[in-house]
Each structure stands twice: as structure tokens, then as C-alpha cells.
Amino acid sequence: IPSNWEVRANPQPYELRFSSANPETVTDIFVYKKEDLAEESTPNALLERQIEVFKSKIKNFKVVEDKQTVTRNFKALADSKVITSALYVGDFEASRYYYYFTLIEPAYNKDVFLLSVQFASPSDWKKMKPVLDAVTLSTQLVDK
């Protein structure tokens, strides 16, 4: 997370919530254990469910970029992950936002996965997308 971003207090229902200096750029992160999924469910199904929740609440919700999956292999196994993302646009209250949904599956821990929802205003999207992608790529689980 960039150093000038702040952690938002009480991020419920998210595990973590960060916002940029521009409060309209936000990253929300859920952390899941696969053992907590219903028997017939998958991480991808949870990603789809998250998108459907937003679709039910956001006006004029439309696909900008279809779902894509990429594998990022790094020298350090802790940095390697499979990333599935999709981009949508929609209107919330009086504003329009891009909604960037991402499933992050760490290569070194098959028992855990993360879902993130990141959003930014359309005028900030080109500037913010590389930052949001960097946040996703740098995501790591830390044992406590």
C-alpha cells in the first residue's frame, strides 16, 4: 500500500480497507480460508458473488473488461500468485466509479485466498490503475 494511503478504521465487512489521498480511490480486501467455503463453492464463485452484490446495488453497472486470469511467478514463492480480475463501471449516488474486482490466490498457500474490490473515479483511472495493480501484485499473507 503506498505510504501516503491511510488505513480506514472499522473496515467491516472487509478485513482491510485503505484509501488514497483522494478518498474516492479505495482498496477493500477480504481474506478467506478455503475450509470456510461451502462444499460446492470455489474462490471464483465467491468472486462472482461479490460482483453480483455490487451489480444489485450500483446503477448502470456494466462490464468494461471481462474477467482475465494471469499467473505471476516470482523467484520468491511467497510473491507468486494467480490473479483473476474484472473491471466494471457504474453509478453510485451522484458519482460514477470504476470497480476493479480481483481474486488473489497465493501459490505458496493453497488454503487461503483474497478478494479485493478497488474503486476509483473515471478521471483518475488511468493514473490509479498501475497503483492498484501494484497493490495487488505486492499482496502477501503474513503469519502471525
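A: Happy to. A contact here means heavy atoms within 4.5 Å. Among contacts in the protein between residues at least 6 apart in sequence, 50% join residues at least 24 apart.

Q: Good. What are the ground rules for the numbers?
A: This is a predicted model, so local features need pLDDT of at least 70, side-chain atom pairs count only at pLDDT 80 or more, and totals for chains, interfaces and linings use all residues. Residues are numbered from 1 along each chain as its sequence is written, and side-chain values use heavy atoms, with hydrogens and water left out.

Q: What is the mean pLDDT of the protein?
A: The mean is 84, and 81% of the residues reach 70 or more. pLDDT is the predictor's confidence in each residue, from 0 to 100.

Q: Where is confidence lowest, and where is it highest?
A: Lowest in strand β2 (residues 16–19), at a mean of 66, and highest in strand β5 (residues 81–92), at 95. Where pLDDT is low, the predicted coordinates should not be read in detail.

Q: What percentage of the residues count as buried?
A: Of the 144 residues, 42%. Buried means under 20% relative accessible area, exposed over 50%, and partly exposed in between, with a 1.4 Å probe and protein chains only.

Q: On to the helices. What span should α1 have, and what does the model give?
A: Helix α1 (residues 43–57) has 15 residues, which at 1.5 Å a residue should span 21 Å; the end C-alpha atoms are 22 Å apart, which agrees. The expected span is 1.5 Å times one less than the number of residues.

Q: Which residues of α1 are buried?
A: Pro-43, Leu-46, Leu-47, Gln-50, Ile-51 and Phe-54. They cover an arc of only 140° around the axis, which puts them on the same side of α1. That arc is taken over the directions from the helix axis to the C-beta atoms. As background, an α-helix has 3.6 residues a turn, so residues three or four places apart point the same way.

Q: What do those buried residues pack against, and what sits on the face turned away?
A: The buried residues of α1 pack against β3 (26–33), β4, β5, β6 and β7 (112–120). Exposed Arg-49 and Ser-56 are on the face turned away from the buried side.

Q: And α2, which residues are buried there?
A: In α2, Trp-125, Met-128, Leu-132, Val-135 and Thr-136 are buried. Seen down the axis, they fall within an arc of 95°, so they line one face of the helix. They pack against β3, β5, β6 and β7, while the face turned away carries exposed Lys-126, Lys-127 and Pro-130.

Q: Let's switch to β5. How many of its residues are buried?
A: 10 of 12, so to speak mostly covered. Nine bridges join β4 to β5, which run antiparallel, and Thr-69 stands opposite Thr-84 in β5. On the other pairing, 12 bridges join β5 to β6, also antiparallel, with Tyr-97 in β6 as the bridge partner of Gly-90. Two strands pair if DSSP finds at least two bridges between them.

Q: Which residues touch the most other members in the largest nonpolar core?
A: Of its 19 residues, Ile-51, Phe-54, Phe-61, Tyr-88, Tyr-99, Phe-101 and Leu-115 do. β3, α1, β5, β6 and β7 each supply at least two residues of this core. A second, separate core of eight residues includes Leu-87, Tyr-100, Ala-120 and Met-128. A nonpolar core is a set of buried Ala, Val, Leu, Ile, Met, Phe, Trp, Tyr and Cys residues joined through side-chain atoms within 4.5 Å.

Q: Last topic, backbone angles. Which phi does Glu-93 take?
A: A positive one near 55°, in the hairpin of β5 and β6, which has two residues between the strands. Glu-93 is exposed, with a relative accessible area of 72%. Most residues other than glycine have a negative phi.

Q: What about Asn-60?
A: Asn-60 has a positive phi of about 55° although it is not a glycine. Asn-60 lies in strand β4 (residues 59–72) and is partly exposed, with a relative accessible area of 44%.

Note on methods. Helices (H or I, at least four residues) and strands (E, at least two) are DSSP runs, numbered from the N terminus.
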